[in-house]
Amino acid sequence: MPRPSPSLLLTGVAAASLMLAASSVDAQQVRRTPLRPSVPAYVAQQPVPDAPAASLSATPDSVRDPAALIQNQPTTVSRRPPPYASRPVRASGVRGVTQRQFRAQQTGVAGLPTTPPPPPPPRRRSAAEEDPYAALGLRLGNVTLKPGLTSSVGYDTNPQRTAGSTRKSSAFGRLEGDLDVQSDWNVHELKGKLRGGYSRFFRDENASRPDGEGNLDLRLDASRDTRILLETRAKIDTQRPGSPDLTAAVIGRPLVYQYGASAGVTHDINRLQMTLRGSVDRSDYEDGKLSNGGIVSQRDRNQTQVGLRLRASYEVTPGFRPFVQGEVDTREFDQAVDSSGYRRSSDGATLRVGSTFEISRQLTGEISAGYQDRKYDDARLRDLKGFVGDAAILWSPTPLTTVTLRGTSELGDTTIAGSSGTTARRVSLEIAHALRRNLTVTGVASFGRTEYDGQGLREDFSSVGARVEYKLTRTFSVRASFTHERLNSTAQGSDYTANVAQVGLRVQF
């Protein structure tokens, strides 16, 4: 019997192996547990039906290409993309086995301390709310200018501040302008405040008068601990006709000009601060006019004052800085001898102690007290000595209420024959309350006493008043005020009272 060829034997073995593999696959498909009915049809593939016998009769070519065994076979998997294929699979739609079920349970490590919970985040301090009616200002480079203009009308029962039946009431018009300056530089600082006005009385032109004051400060930061301080100041005021310093009854109100400048340096040594400041101030008095056309000269009152001040302060806490201050000055009059024959030039020395303070941001201010001794060139004038001091306290009991208390005591000059000078003390109290964000009511009260040394002459001045400001917008506001003034003097015929009422419109930028 002829022996079969090796190729036939290999072909038969391959065909038998393929038939055995196909039968085992069919058996596994039959024993497989069907999936849950919720599984989509395109995921759960159904078993492939038995292929025809003709497809199992493989040829040598088909055996070499295993892919030919599964080509052109029927299948239940749809060739179309499944619905919502681009969307993530929802958990409610597929309830299969998740990866979390196969993760091994983590065992805790005994003996380690429990980690405390993180502390709560620090509470941020709320920023100060911006005033919706405050002026925005005009930018000039890195300097902000806040100009304002107020025009008002009113009525004054005693424009000349004279006594008795000589007073004559009059309506008046007033125009006032002001300017605030504040720099916005990385180093150095420029700030200032200027104000000027003019009041015109319609029934008494002689009572019409200007007034104003202002200052401008420049700080130059030479180094971290050293600063150079420069300051200029000016003030214009008038004298009332009944002033004791006027030797005759004048008409109108003579002008008084005061202006000056100062320069200083401040140096910090840890908590110790040293300040050295020099100043020059000038006072000029306008001549008075008499009713008969004559002139009352006041040139003997013109003077120049030069002073030098040294101040040492120590910061005990950030809100408490006590200081000691010493000052020497010289007052030199243009005329060596005044109209009464006295030489009024003098030298003075002042020593003060005080402190700046800040208590819980509701109570801030500065208070100082000291003693001054002034010696005159004329031996007939005795030395003028006395208590001097300054106080400025700002208290805000509520966000809507502000209380300001100011006081001062100083020694001044006079032209009264035989008198060395004056001792002037003044105190004022101002309470402002905001009824609404754009409606503020302010009450003001002040009292002052001036004593003329060696003459027994005393003048007591007092005033009370109220102001109302209603802000329409950031630019426009309406103001109204009423003031009652009274002067009581030991000199005959010098007492007076006056009531002033006015209302106006303010424009600010």
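**A loop, some strands and a core**

Author: Happy to! Let's begin with N292, which is placed in the loop between β9 (288–289) and β10 (295–296). Keep in mind that this is a predicted model.

Reader: Okay! Is N292 buried or exposed?

Author: N292 has 64% relative accessibility, so it counts as exposed, because exposed means over 50%.

Reader: And what does the side chain of N292 reach?

Author: The N292 side chain reaches the backbone nitrogen of G294, at 3.0 Å.

Reader: Let's switch to strands. How many bridges join β3 to β4?

Author: There are 11 bridges between strand β3 (residues 170–183) and strand β4 (residues 189–201), and the two run antiparallel. Their hairpin has 5 residues between the strands, and in it H188 takes a positive phi near 70 degrees.

Reader: Which strand does β4 also pair with, in the antiparallel sense?

Author: That's strand β5 (residues 209–221), paired with β4 over 11 bridges. If you want a spot to look at, G196 stands opposite G212 in β5.

Reader: Why give both a distance and an angle for a pair of aromatic rings?

Author: Because a pair of aromatic rings is described by the distance of the centres and the angle of the planes.

Reader: Got it. Which ring does the charged end of R311 sit over?

Author: The ring of F323, with the charged end of R311 3.6 Å from its centre. R311 also turns up among the contacts of Q325, together with R309, L310, T350, L351 and R352, once neighbours within four places in sequence are left aside.

Reader: Where does Q325 lie, and is Q325 buried or exposed?

Author: Q325 lies in strand β12 (residues 320–333). It has a relative accessible area of 6%, so Q325 is buried, because buried means under 20%.

Reader: What about S345, where is its place?

Author: S345 is in the loop between β12 and β13 (346–359). Even so, S345 is buried, at 4% relative accessible area. Its side chain reaches the backbone nitrogen of F333 at 3.3 Å.

Reader: What does S345 touch, not counting residues up to four places away in sequence?

Author: R331, E332, F333, K375, Y376 and D377. Y376 has contacts of its own beyond four places in sequence, including R344, L381, L384 and G412.

Reader: Last topic! Which residues make up the largest nonpolar core?

Author: That core has 6 residues, and Y376 is one of them, along with Y342, L381, L384, V388 and L411. For Y342, there's a charge to look at too: the charged end of R380 sits over its ring, 4.3 Å from the centre.

Reader: Thanks, I'll go and find them in the viewer!

Definitions and conventions
Residues are numbered from 1 along each chain as its sequence is written. This is a predicted model: local features need pLDDT of at least 70, side-chain atom pairs count only at pLDDT 80 or more; totals for chains, interfaces and linings use all residues. Side-chain values use heavy atoms; hydrogens and water are left out. A nonpolar core is a set of buried Ala, Val, Leu, Ile, Met, Phe, Trp, Tyr and Cys residues joined through side-chain atoms within 4.5 Å. Buried means under 20% relative accessible area, exposed over 50%, partly exposed in between (1.4 Å probe, protein chains only). Contact means heavy atoms within 4.5 Å. Two strands pair if DSSP finds at least two bridges between them. Helices (H or I, at least four residues) and strands (E, at least two) are DSSP runs, numbered from the N terminus. A charge sits over a ring if NZ of Lys or CZ of Arg is within 6 Å of the ring centre and within 35 degrees of the ring normal. A polar contact is a pair of N or O atoms within 3.5 Å; within protein, one must be able to donate a hydrogen and the other to accept it, and residues adjacent in sequence count only if both atoms are side-chain atoms.
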